[in-house]
Amino acid sequence: MLEPNAAAVPELTVSVRQLANRPGTSRQLTVNFDAAEAIGTEVIGVPEGQPVSLELLLESVLEGVLATGTVRSTARGECGRCLEELSVPTEVTFQELFEFSEPARAGEAPAEDQLMVIDDTIDLTVPVRDAIVLSLPFRPLCREDCAGLCPQCGARLADEPGHAHRTVDPRWAALQDLLEDEREEI
Ligand SMILES: [Zn+2]
Ligand SMILES: [Zn+2]
């Protein structure tokens, strides 16, 4: 049985008492909370304490409660090319069925990842977290045409238009090495 993580994200446990055994009824609500933990990857994510808005439609169906949610927040991370800090608004929709645990079904254990209505409440922590992770860009960029960093010195090219290094013709490079050697000897 899933243990609702009430301590970490109390706002994400929602009562569905009015919906139990009343197929066809529904309830709409908006839940605003601060992320209890960082959600995302090493590159980008919604940081701990970041405000998250969850718009919920809860519908009573025969098997349980169908939850349709829209999650909005702001992810922070760094550009995959120039490492500049960036923030990206995220919006993602999910739909999950929370099944009633009927006594008739007690014999057959529910699938491990099956979401359940427990004590007339549903815990949206996992669906919300998974939805946010799926909404994050795989390789965030500060802008689509970010020029990245100079491969020679690591300077951020967007900060220095026309940034360039003196390039030496390879045929002259050997000669220049010789000259520099001589200079060192002097
Ligand atoms: Zn960039
Ligand atoms: Zn450079």
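The model is predicted, so local features need pLDDT of at least 70 and side-chain atom pairs count only at pLDDT 80 or more, while totals for chains, interfaces and linings use all residues. Residues are numbered from 1 along each chain as its sequence is written, chains are lettered from A and ligands numbered from 1 in the order written, and side-chain values use heavy atoms, without hydrogens and water.

Reader: Is Ser73 buried or exposed?
Author: Buried means under 20% relative accessible area, exposed over 50%, and partly exposed in between (1.4 Å probe, protein chains only). Ser73 has a relative accessible area of 8%, and therefore counts as buried.

Reader: Which backbone oxygen does the side chain of Ser73 reach?
Author: Residues that Ser73 touches (heavy atoms within 4.5 Å), not counting those up to four places away in sequence, include Val46, Val88 and Pro51. At 3.0 Å, the side chain of Ser73 reaches the backbone oxygen of Pro51.

Reader: What is the geometry of the site of the zinc ion (ligand 2)?
Author: Donors are N, O and S atoms within 2.8 Å of the metal (3.2 Å for Na, K and Ca); water is not among the atoms, so sites may look incomplete. Here the protein donors are Cys150 (SG), Cys153 (SG), His163 (NE2) and His165 (NE2), 2.0 to 2.3 Å from the zinc ion (ligand 2). Four donors count as tetrahedral if all angles lie between 85 and 135 degrees. The angles among the 4 donor atoms are 102 to 114 degrees, so the site is tetrahedral.

Notes: A polar contact is a pair of N or O atoms within 3.5 Å; within protein, one must be able to donate a hydrogen and the other to accept it, and residues adjacent in sequence count only if both atoms are side-chain atoms. Four donors count as tetrahedral if all angles lie between 85 and 135 degrees; four count as square planar and six as octahedral if opposite donors are over 155 degrees apart and all others between 65 and 115; anything else is irregular.
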